[in-house]
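I opened my notebook for a first look at this structure. Here is what I looked up, entry by entry.

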Amino acid sequence: MNIKINGEVLELNEKTNLSEFVTHRLNGKEPRGIAVALNDMIIPKSKWNETILSENDNVEIVHAVQGG
Amino acid sequence: MSNLTIAGREFKSRLIVGTSRYPDPHTMLQSLEASGTDFVTVSIRRLNLKSADGQESIMNMIDRNKYWILPNTAGCFTAKEAVLTAQLAREALETNWVKLEVIGDDETLFPDVTELLKAAEQLLRDDFIVLPYCNDDPITCRKLADMGCAAVMPLGAPIGSGMGIRNPYNIQIIRDLIDIPVIVDAGVGTASDAALAMELGVDGILMNTAIAGAEHPVKMAEAMKLAIQAGRLAYKSGRIPKRLYANASSPVEGLINS
């Protein structure tokens, strides 16, 4: 199954929920100060566990950076 | 001197400072300190998932007990993008404040007014505290104020241009028309620009490049702090009217040859 993550396509072999997916992408880093959108909808952290990814989903993981 | 109050929150400084483009994080932190600000802007960007040493979150550097955070929607060209970015910022930073930027053009970075109004309306309905970056157009500012924005932030000149206040008369009209705080956002190049804006009666100034891009950012931050204080004090003091001809300041009575 293909998932788009921050603009790049990634192939996933098994069914996964958003929580597992984000944790894996963060490489063990604490998911603090980040936000996740799935197909242009914000998914609050409390909903990550129950959100199962499907084919062609578009995931954005963002955080705050320097800005004016 | 009275403090700047936006959406019921009181700030000790009338200067809002951007956190971008400093030579290094240490200079940024020192500049924020020297500016006296307690209100800073940040951006929302994709997390770099490829390398461990990707762009560090600004929130690891900024003490939130010291600075109120204003996330922006810089880089957004449509209402849809801006609304999504504001919602992401709210989730990531746990704040419903947003500096709403909807850009119409890459070269001028002028706001796209129709998209800006649309985004502001949607965000206000979604309980955001909206501080829109807008043109120095009194009618747009009035519409944003009537809608329920917490402040209006007309530009002095294009972002990063350092051209100063290109249309002081419009800024003055905006000040007269609008009851909510007016913050000049963008265009300030040096201290006199900041003082001039404040003398026009605006409530505060948001700047980034003028400080971060200066040869000595920390010193410039202090210069801006002083200019804003001086400009505000002058505005409150009521300047003398301009006149074309002289008006002697020494007494004209009792001159020795009279």
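My helices (H or I, at least four residues) and strands (E, at least two) are DSSP runs, numbered from the N terminus. This is a predicted model, in which local features need pLDDT of at least 70 and side-chain atom pairs count only at pLDDT 80 or more, while totals for chains, interfaces and linings use all residues. Residues are numbered from 1 along each chain as its sequence is written, chains are lettered from A and ligands numbered from 1 in the order in which they are written, and side-chain values use heavy atoms, with hydrogens and water left out.

**Entry: a serine in a loop**

I started with B:Ser13, which sits in the loop between strand 2 (9-11) and strand 3 (15-18) of chain B. Is B:Ser13 buried or exposed? I found B:Ser13 buried, because its relative accessible area is 10% (buried means under 20%, exposed over 50%, partly exposed in between, with a 1.4 Å probe and protein chains only). Its side chain reaches the backbone nitrogen of B:Leu15 at 2.9 Å. Leaving aside neighbours within four places in sequence, B:Ser13 is in contact (heavy atoms within 4.5 Å) with B:Leu4, B:Ser35, B:Gly36, B:Thr37 and B:Asp38.

**Entry: where the chains meet**

Next I went to the interface. I noted 33 residues of chain B in contact with 26 residues of chain A. The size of an interface is often given as the accessible area lost when the parts come together. Here the buried area (accessible area, 1.4 Å probe, that two parts lose on being put together, summed over both) is about 2500 Å², and carbon and sulfur atoms give 57% of it. On the chain B side, B:Arg46, B:Leu47 and B:Leu49 lose the most area to chain A, together 28% of what that side buries.

Strand 5 (residues 58-66) of chain A pairs with strand 4 of chain B in the antiparallel sense, over 5 bridges; two strands pair if DSSP finds at least two bridges between them. One detail I jotted down is that A:His63 has B:Arg45 as its bridge partner. A:Val62 is also in strand 5 of chain A, and I call A:Val62 buried because its relative accessible area is 5%. Among the residues that A:Val62 touches are A:Ile34, B:Ile44 and B:Leu88.

**Entry: salt bridges**

How many salt bridges does the rule find across the interface of chain B and chain A? I got 2, with a salt bridge being a side-chain nitrogen of Lys or Arg within 4 Å of a carboxyl oxygen of Asp or Glu. A:Asp40 and B:Lys80 meet in a salt bridge at 3.1 Å, N to O. B:Arg46 and A:Glu60 meet in a salt bridge at 2.7 Å. B:Arg46 lies in strand 4 of chain B and A:Glu60 in strand 5 of chain A, so this pair joins two chains. B:Arg46 is partly exposed at 43%, whereas A:Glu60 is buried at 16%.

Over all chains, the count comes to 8 salt bridges. Inside chain B I picked out B:Lys99 and B:Asp185, at 3.0 Å, N to O. They link distant parts of the chain, strand 6 and strand 9 (residues 183-185), 86 residues apart. B:Lys99 is buried at 3%, and B:Asp185 counts as buried at 3%.

**Entry: the strand beside B:Lys99**

Strand 6 (residues 97-100) of chain B runs parallel to strand 7 of chain B, joined by 4 bridges. There, B:Lys99 has B:Leu131 as its bridge partner. Strand 7 (residues 129-134) is mostly covered, with 5 of its 6 residues buried.

Definitions and conventions. A polar contact is a pair of N or O atoms within 3.5 Å; within protein, one must be able to donate a hydrogen and the other to accept it, and residues adjacent in sequence count only if both atoms are side-chain atoms.
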